[in-house]
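Hello,

Here is the structure I promised to pass on to you. Have a look at it first, and then read my notes below.

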Amino acid sequence: MAGVTSSSGPADLIVVGAGIVGLAHAVEAVARGLSVTVVERDERAVGASVRNFGHACITAQAGEAHTFARRARGTWLRMAREAGVGVQECGTVVVARSEEEAAALDELAATRGAEEVRLLTPAEVTAAVPVAVEGLHGGALLPLDLRVDQRRAAGAIAEWLAAQPGVRMLWSTPVLGVEDGLVRTGRGDLRARHVVVCAGHDLDRLLPEVADEAGMQRCLLQMLQVRVPGLRIAPAVLTGSSMLRYPALAGTDSARALRRRWAAERPEMLDAVVNHMLTQLPGGDLVVGDTHAYAATPDPWSQEALDELLLAETRTLLGRDDLAVVRRWQGVYASAAGEFLRARVAPGVTAVAVTSGIGMTTAFGLAPAVLDSL
Ligand SMILES: Cc1cc2nc3c(=O)[nH]c(=O)nc-3n(C[C@H](O)[C@H](O)[C@H](O)COP(=O)(O)OP(=O)(O)OC[C@H]3O[C@@H](n4cnc5c(N)ncnc54)[C@H](O)[C@@H]3O)c2cc1C
């Protein structure tokens with residue numbers, strides 16, 4: 001690719017980063033009839049947006065994230081129709097294997113109602129997902145949640161965007177700096193009325209002071225792709241450890257009681273900040289995760305003990321020993337005290353990041369709110 005300077009004049013909007021957050025801003029700009037240029041340093045998205053579970057985890061969010069997630073749901077379904085993104089309206093099954101876990105789901109059901117939470121008996125859980133019966137207390141179906149084909153979604157959305165009027169996708173083009181309405185890239189300068197920086201966890205490299213101000217760190221996760229012969233699981237599957245993470249569940253008295261018990265009985269799960277969950281890839285393999293470690297610059301080493309912990313949890317959950325690991329990878333996302341970072345960097349420049357691991361769930365709801373604010 002040669003220089004990027006356009007003869008067609010400045011765009012209405014430049015988006016830095018073609019992960020799901022940047023793409024969501026571009027999709028929203030197109031819906032508003034704006035011209036938009038997306039600038040991405042890699043030749044395709046390979047960051048957090050392709051390394052995740054592909055789980056639009058809508059109901060387990062709270063507050064603003066829940067509002068964004070509900071709005072995002074509609075856009076994912078539109079992207080399925082218009083951009084050919086694989087999206088399954090399969091919901092999530094949350095498996096309860098203790099009294100506290102079942103009680104946390106009761107609490108959630110009482111506040112959210114039947115549209116969002118349907119309590120399940122143990123027999124209904126095993127009819128929906130083939131988990132081991134031993135120790136099963138019941139569960140819940142969260143029917144609004146979606147499964148997205150995460151490894152292809154960003155590519156499909158980028159292709160769709162490239163075919164829309166007024167859109168330029170600039171790949172393999174690193175952004176070196178941003179100023180008022182000006183983006184300096186390794187291939188030349190670009191101008192626009194507004195610039196939205198969606199660099200994910202690399203915001204701390206491009207705009208370190210903005211990241212510092214937000215207390216941003218990197219969260220490193222270990223993930224596995226696991227083959228289990230003959231297994232079919234349509235919904236996403238969450239477990240007790242997920243109840244300790246997602247705010248709508250973690251905020252219940254019962255989840256707090258579960259955390260206290262695990263501090264005594266299962267400290268290894270809390271130490272590794274495990275959210276043991278599963279989703280199934282279109283080809284049938286399971287995506288199994290995850291563990292969390294927080295640092296400005298995480299250690300580069302994967303820890304075998306953490307993978308073993310995830311595998312042991314999965315064997316117990318499914319009641320199966322015949323699990324074969326096909327792939328292992330690390331993912332990184334931006335993390336901070338709040339769930340979303342929105343900062344005006346210069347008059348025409350806004351930095352945006354999802355600073356908890358819920359960008360697939362919320363980006364399509366966050367982007368309209370950001371564009372409203374410009
Ligand atoms: C293992 C894992 C599991 C997860 N599971 C889920 C899940 O199931 N559900 C959910 O909702 N969320 C999940 N998340 C979180 C979600 O994936 C992220 O919140 C989301 O993908 C962040 O999107 P992003 O666009 O900000 O980041 P990224 O996808 O990392 O994209 C940022 C892009 O910016 C580009 N960039 C950075 N700097 C520059 C520069 N200077 N110039 C040009 N381009 C630049 C990068 O190359 C990159 O392509 C998970 C995350 C991980 C890591």
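This is a predicted model: local features need pLDDT of at least 70, side-chain atom pairs count only at pLDDT 80 or more; totals for chains, interfaces and linings use all residues.

A polar contact here is a pair of N or O atoms within 3.5 Å; within protein, one atom must be able to donate a hydrogen and the other to accept it, and residues adjacent in sequence count only if both atoms are side-chain atoms. By that rule, a backbone N or O atom of I358 sits 3.4 Å from an oxygen atom of the ligand.

Residues are numbered from 1 along each chain as its sequence is written, and side-chain values use heavy atoms, with hydrogens and water left out.

Now the ligand site. The ligand is surrounded by 33 residues, and the closest are E40, S49, H55, V175 and T361 (near means that a heavy atom of the residue lies within 4 Å). The shell divides into 15 nonpolar, 13 polar and 5 charged residues; Ala, Val, Leu, Ile, Met, Phe, Trp, Tyr, Cys and Pro count as nonpolar, Asp, Glu, Lys and Arg as charged, and the others, Gly among them, as polar. Domain 1 (11–71 + 150–215 + 337–373) and domain 2 (88–147 + 216–335) both contribute residues to this shell, so the ligand lies between them; the domain bounds come from an automatic or database assignment.

As for the fold, the chain has 14 helices and 20 strands, taken as DSSP runs (H or I, at least four residues, for helices; E, at least two, for strands) numbered from the N terminus. Its C-alpha atoms fill a box of roughly 65 × 40 × 40 Å along the principal axes.

Two strand pairings may interest you; strands pair if DSSP finds at least two bridges between them. An open antiparallel sheet of 3 strands has the order β3-β8-β4. Both β3 (55–56) and β4 (87–88) are at the edges with a single partner strand each, so one side of each has no neighbour in the sheet. In this sheet V87 stands opposite V148 in β8. Elsewhere, β19 (residues 340–346) and β20 (residues 349–354) run antiparallel, joined by 6 bridges, and a hairpin of 2 residues connects them.

Best wishes
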